Amino acid sequence: MPKCNKQKLKLLYLVKILMEKTDDAHRITLKEIQASLTAYGINAERKSLYDDIEALREYGIDVIGESLGKGYVYYVGSREFELAELKLLVDAVGASKFITLKKSTSLIKKLSSFTSTHEAHKLKRQVYVADRIKTMNESIYYNVDILHNAISSNVKIMFQYTQWTVLKELVVKKDGDYYEVSPWALSWDNENYYLVAYDGHDDIIKHYRVDKMIHLSLTKSIREGRDYFEKFDMAAYSRKMFGMYHGKDELVKVRFKNELAGVVIDRFGKDVTIRPTENGYFIAVINVLVSMQFIAWVIGLGEGAVIISPDHVVLKMKETIVKLMDLYN
């Protein structure tokens, strides 16, 4: 590149040097800045650097200058992301099951560019989660993007849906036939992305694991199901669902031991109806979609939780317990 053209890039390289080499604990002198610019093939006089640094400040970059003996040292103060925020984001990426190992590494590398090279090594963290199994579908990121586009464009989507076999093979469901639904929302539940959509053929709301969707594309057909979703509360829907399994929408009364109050509030929120009773128990009225996963959740709490009503849900619990006993007998 001709010398004159490189001089035009001086401000950009100056930003790069300050962002990469400085932070609250690491300063750089004008002489060091000049040397770094020279390495990029750019000559810079001290006076011009004063003007350049002032220009960066006017632009909004927090370049701080401090007196050090006979001269000044410079560093970038506040940044778009604080180091603590980047650590939180890196931990979230590393712990997310739906993000593949390859993509996790790529995202963490990109996040590291938001801080200095001195601080970047602190972002080489590992969040260890028991039995962490990362998804193997690299296309999930593109699927999410396509789904957002479909929702904003108000059109239906088509895709094939897959499942694992006992031979550890991924096969398409419905003999490879395409699903056509109206996408309305995305939900993140149990470390997986789900699409919440309206199925016009069955006239019901359904959800699909995004990482199990393949050959996803937009159609030219306008979405259906607006009447459903105008009164749809995504947060309430997520609270009702257990493991994103369908079930009948019910108001269920459950008696819990007092020490499980935190478990109930964590799961259903502070607005859940709770009535203290005698002998260290309370009764909670919870709005759930009654599925086997809900039954299993209650069973998992052992003697600390007992379904009281409605009667048919109590019966469902009894039948489940009997079946489990028969299996183990």
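Q: Over how many bridges do S1 and S3 pair in the antiparallel sense?
A: This is a predicted model, in which local features need pLDDT of at least 70 and side-chain atom pairs count only at pLDDT 80 or more, while totals for chains, interfaces and linings use all residues. Residues are numbered from 1 along each chain as its sequence is written, and side-chain values use heavy atoms, without hydrogens and water. Strands (E, at least two residues) and helices (H or I, at least four) are DSSP runs numbered from the N terminus, and two strands pair if DSSP finds at least two bridges between them. Ile28 stands opposite Tyr74 in S3, and the antiparallel pairing of S1 with S3 has 2 bridges.

Q: What is the strand order of the open sheet of 3 strands?
A: Let's start at the edges: S1 (28–29) and S2 each pair on one side only. S3 (residues 71–76) runs antiparallel to S2 (residues 63–68), joined by 6 bridges. With antiparallel pairing, the order is S1-S3-S2.

Q: Which residue takes a positive phi in the hairpin of S2 and S3?
A: Across these two strands, Glu66 stands opposite Val73 and Ser67 opposite Tyr72. The hairpin has 2 residues between its strands, and the positive phi, near 65°, belongs to Gly69.

Q: Over the ring of which residue does the charged end of Arg223 sit?
A: Arg223 is in the loop between S9 and helix H9 (226–230). A charge sits over a ring if NZ of Lys or CZ of Arg is within 6 Å of the ring centre and within 35 degrees of the ring normal. Lys174 lies over the face of Tyr179, at 4.0 Å from the ring centre. For Arg223 the distance to the ring centre is 3.6 Å, and the ring is that of Trp184.

Q: Which side chain joins that of Arg223 in a polar contact of 2.8 Å?
A: Beyond four places in sequence, Arg223 touches (heavy atoms within 4.5 Å) residues including Ala150, Ile151 and Val155. A polar contact is a pair of N or O atoms within 3.5 Å; within protein, one must be able to donate a hydrogen and the other to accept it, and residues adjacent in sequence count only if both atoms are side-chain atoms. The backbone oxygen of Pro183 is 2.7 Å from a polar side-chain atom of Arg223. The side-chain partner at 2.8 Å is Asn154.

Q: Why does Arg223 count as buried?
A: Relative accessible area sets the class: under 20% is buried, over 50% exposed, and in between partly exposed (1.4 Å probe, protein chains only). Arg223 counts as buried because its relative accessibility is 12%.

Q: Is the pair of Phe256 and Phe282 stacked or edge-to-face?
A: Rings of Phe, Tyr and Trp (its six-membered ring) pair if their centres lie within 6.5 Å; planes under 30 degrees apart count as stacked, over 60 as edge-to-face and the rest as tilted. The whole structure has 15 aromatic pairs. In this one the centres are 5.4 Å apart and the planes at 25°, so the pair is stacked.

Q: In which helix is confidence lowest?
A: The predictor's confidence in each residue is pLDDT, from 0 to 100. Its mean over the protein chain is 85, with 89% of residues at 70 or more. Strand S9 (residues 213–222) has the highest mean, 94, while the lowest, 63, belongs to residues 234–240, helix H10.
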